[in-house]
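User: Could you walk me through the aromatic rings in this one? I'm new to this, so please spell out the terms.
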Amino acid sequence: METMGNLRRTHYSVALSEKNVGEQVTVAGYVAKVRDLGAVVFCDVRDTQGVVQLNFGDDCDAQTLEKAKMLRTEFVVMAKGEVVLREKANPNIPTGMIEIKVGELKILSKAETTPFEIKDDINVKDELKLKYRYLDLRRSKMHEGLVVRHKVVRAVREYFDRNDFIEIETPVLMKSTPEGARDYVVPSRVQPGKFFALPQSPQIYKQLLMLSGYDRYVQIARCFRDEDLRADRQPEFTQIDVEMAYVDEIDVQTMNEGMVKHVFKEILGVDVQTPFPRMPYEEAMNRYGVDKPDTRFGLELVDLTECVKDAEFVVFKSAIEGGGSVRCINAKGLADKLTRKEIDKLVEVVKTYGAKGLAYTRLTADAETSSYEKFLTPEQVEAVRAKAEAEKGDVILVVASDDMDVVYASLGALRLHIAKKFELFNPDQFNFLWVTNFPLFEYDKEEQRFVAKHHPFTMPKEEDIPYIDTDPGRCCAKAYDMVLNGVELGGGSIRITNPELQHKMFKTLGFTEERISENFGFLVEAYKYGAPPHGGMAYGLDRLCMLMAHKDSIRDVIAFPKVQNSGEIMSGCPDYIEPKQMDELYIASTVEETEG
């Protein structure tokens, strides 16, 4: 192994072009490919910005040529030489017109054969890539995601700085409060038996900063939630956290639209059109089945309840009598693609969301087949087809349930599944949307009580305040979510600043006086000393970067992500700690230590 000696890198690969022909340059990186032709050796060197070809040929001394013949993939090298034009250009890479005729080569580190090839198009299990994450991150596609993330953070800070926001850090060790996902907790060594919580968000602190006289706050905040993982969720994640004083919903939305417009223009060169469309929560659910609709394609939900309310078909009848509904989506022009076999696969999709089955009518050019029309009268069949605007070539897909949540969730998921499978949208299109008028509360069937739809500090609509403690289900909130292509980018609200109203909210959520004092006493006390009207929102930075980088998972824009069981395969965390540490923290485990 050699040291760099007097060599120092002068250029990254992509900085080199025909303009540098004749110059002496020094590059450094990993060996990506070696082609030994005997009298000449070609070697591709990969750095963090791209690849450049090294040429060990006629002008190369015997010792350097011999050293080049020792090169293997993933060796770390540094090479000095003259930039020349390539005899055979490669238009597929930025440096494809030039190469470096090497005069001096240093092998800084040798590498064993890697568990998988370091290239973009590899068919390797995720578990293996995550175990060797440091190798996976060498691939250019992984590098791209982290570069996008870096640029997003830089552009976000630039925008908010220009608009008089102050970036303020809030504590990572804080008090555990209820109403949310499970906290990650940290035992205190100096206060035995007491625990800190890691923040699920800086929510309370940023509201206190508004009371502290800081009109505009922003933070790139690390947050932690102990919950089941999905493609767009991790136990630790990053928020772009924003709060503003003396504002209403439109002020907050306009400021954040400007941020998104700035970021997309700076990084992708995309002109985002503002203001974003606004859609009430109820409309989003009725049309798309979800409160974060993807509006790049149709397949909207259609309510067939009125058309079949008198039908004798037991599936429809029991759903309606149970207080639910019968709804469908019309897969326009897909009758030839949605065969009976394919429809059977769709049944499994909706069953995942609680639906008992999927009824259908398939209208091909040659025939009409249906799983339910024989149970309807001709008038009811005609009414259903008319309401669904069905014609030759279409497929009507119907879900019936006495639980509206099941109807919405199953059809909402079904439309997304069909759109992805048959590529019904443009992946380069960015459809932004504000979803507004959220319910203030939602009913938790397991706990049999109302819980906050967003959080307990959300301001209700003025006209709904009288109903908070008498009819919580009818109350709407001054809350809003920013949605992009079916993904909730962020959400926020105007906050409660009236101590009496805040107390009423706590009571409706089932908090006792003792619990209010214990969990939120410091916040309630703060509001007694003057509170400006304020509101804000928080974005999932990981989700934003995922969409901007055209990735399928936030794992692709996080350097070292967790997996489904909240662990990290590479380092093996979480892990057991030494008994001495347990004793120092005054904690004990009821779980026996096991291997694996």
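User: Which residues do ring pairs link into a cluster?
Analyst: Ring pairs link Phe264, Phe276, Phe430, Phe432, Trp434 and Tyr480 into a cluster. Please keep in mind that this is a predicted model, where local features need pLDDT of at least 70 and side-chain atom pairs count only at pLDDT 80 or more, while totals for chains, interfaces and linings use all residues. Residues are numbered from 1 along each chain as its sequence is written, and side-chain values use heavy atoms, with hydrogens and water left out.

User: How many aromatic pairs does the structure hold?
Analyst: It holds 20 aromatic pairs, where rings of Phe, Tyr and Trp (its six-membered ring) pair if their centres lie within 6.5 Å, and planes under 30 degrees apart count as stacked, over 60 as edge-to-face and the rest as tilted. One of them joins phenylalanine 313 and phenylalanine 316, which is edge-to-face because the planes stand at 80°, with the centres 4.7 Å apart.

User: Is phenylalanine 316 buried or exposed?
Analyst: Phenylalanine 316 is buried, because its relative accessibility is 2%, and buried means under 20% relative accessible area, exposed over 50%, partly exposed in between (1.4 Å probe, protein chains only). Phenylalanine 313, at 11%, also counts as buried.

User: Switching topic, which charged residue lies over the face of phenylalanine 511?
Analyst: That is arginine 515, at 4.5 Å from the ring centre; a charge sits over a ring if NZ of Lys or CZ of Arg is within 6 Å of the ring centre and within 35 degrees of the ring normal. Phenylalanine 511 itself is buried, with a relative accessible area of 2%.
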